[in-house]
Amino acid sequence: MYALLLGVLLMLLKYLEIGPVANWSWWWVLSPFAVAAAWWAWADATGYTKRKAMEKMEQRKKNRIDRHKEALGMRPRRPR
């Protein structure tokens, strides 16, 4: 995500001809987009994205269960 934001910022600076970025080659300005694409390809190929989504879903489930137990007057489980 940071590479994507950096790419947008550099592209904007190059287009508006602001600062030293105005003199850079377009290849350097657009390179953060290639880095972002490589990161997403790696994350999808290794299962990193799916694993993070599952961890987030499990944490939401645990929080929901703890909230319901607290509402019932029961103590939530201690983390292991």
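Accessible areas come from the Shrake-Rupley method with a 1.4 Å probe; for residues, only the protein chains shown count as cover.

## Basis of the model

This is a predicted model, in which local features need pLDDT of at least 70 and side-chain atom pairs count only at pLDDT 80 or more, while totals for chains, interfaces and linings use all residues. Residues are numbered from 1 along each chain as its sequence is written, and side-chain values use heavy atoms, with hydrogens and water left out.

## Overall fold

The chain has three helices and zero strands. Its pattern along the sequence is α-α-α. The radius of gyration is 22 Å, well over the 12 Å that the globule rule gives for 80 residues, so the chain is more spread out than a compact globule. That radius is taken over C-alpha atoms, and the globule rule is 2.2 Å times the number of residues to the power 0.38. Helices (H or I, at least four residues) and strands (E, at least two) are DSSP runs, numbered from the N terminus.

Along its principal axes, the C-alpha trace spans about 65 × 30 × 15 Å. Buried residues make up 12% of the 80 residues. Buried means under 20% relative accessible area, exposed over 50%, and partly exposed in between (1.4 Å probe, protein chains only). Of the contacts with a separation of 6 or more, 27% join residues 24 or more positions apart. A contact means heavy atoms within 4.5 Å.

## Nonpolar surface patch

M11, L12, Y15, L16, I18, W26 and L30 form a nonpolar patch on the surface. Together they have about 710 Å² of accessible area. Patch residues have over 30% relative accessible area and no salt bridge; like charges are joined within 9 Å, and nonpolar side chains (Val, Leu, Ile, Met, Phe, Trp, Tyr) within 5 Å.

Helices α1 (2-15) and α2 (26-46) each supply at least two patch residues. α1 gives the most, with three. L16 sits in the loop between α1 and α2. L16 is partly exposed, at 48% relative accessible area.

## K14 and its contacts

K14 lies in helix α1. K14 is buried, with a relative accessible area of 11%. Leaving aside neighbours within four places in sequence, K14 contacts V21, A22, N23, W24, W26 and V29. Among these, W26 also belongs to the nonpolar patch. K14 and G73 are 59 residues apart in sequence and 60 Å apart in space, C-alpha to C-alpha.

## Annotated segment

An unreviewed UniProt entry lists residues 28-48 as "transmembrane region". UniProt positions are given in the numbering used here, feature names are shortened, and annotations may be inferred rather than shown by experiment. In the model, this span is 95% helix and 0% strand. Its end C-alpha atoms lie 28 Å apart.

E55 pairs with K52, the closest N and O atoms being 3.6 Å apart. Both lie in helix α3 (residues 48-71), three residues apart, about one turn of the helix. E55 is partly exposed at 44%, and K52 is partly exposed at 42%.

K62 pairs with D66, with the closest N and O atoms 2.8 Å apart. Both lie in α3, four residues apart, about one turn of the helix. K62 is partly exposed at 36%, whereas D66 is buried at 14%.

Definitions and conventions:
Salt bridge = Lys/Arg side-chain N within 4 Å of Asp/Glu carboxyl O.
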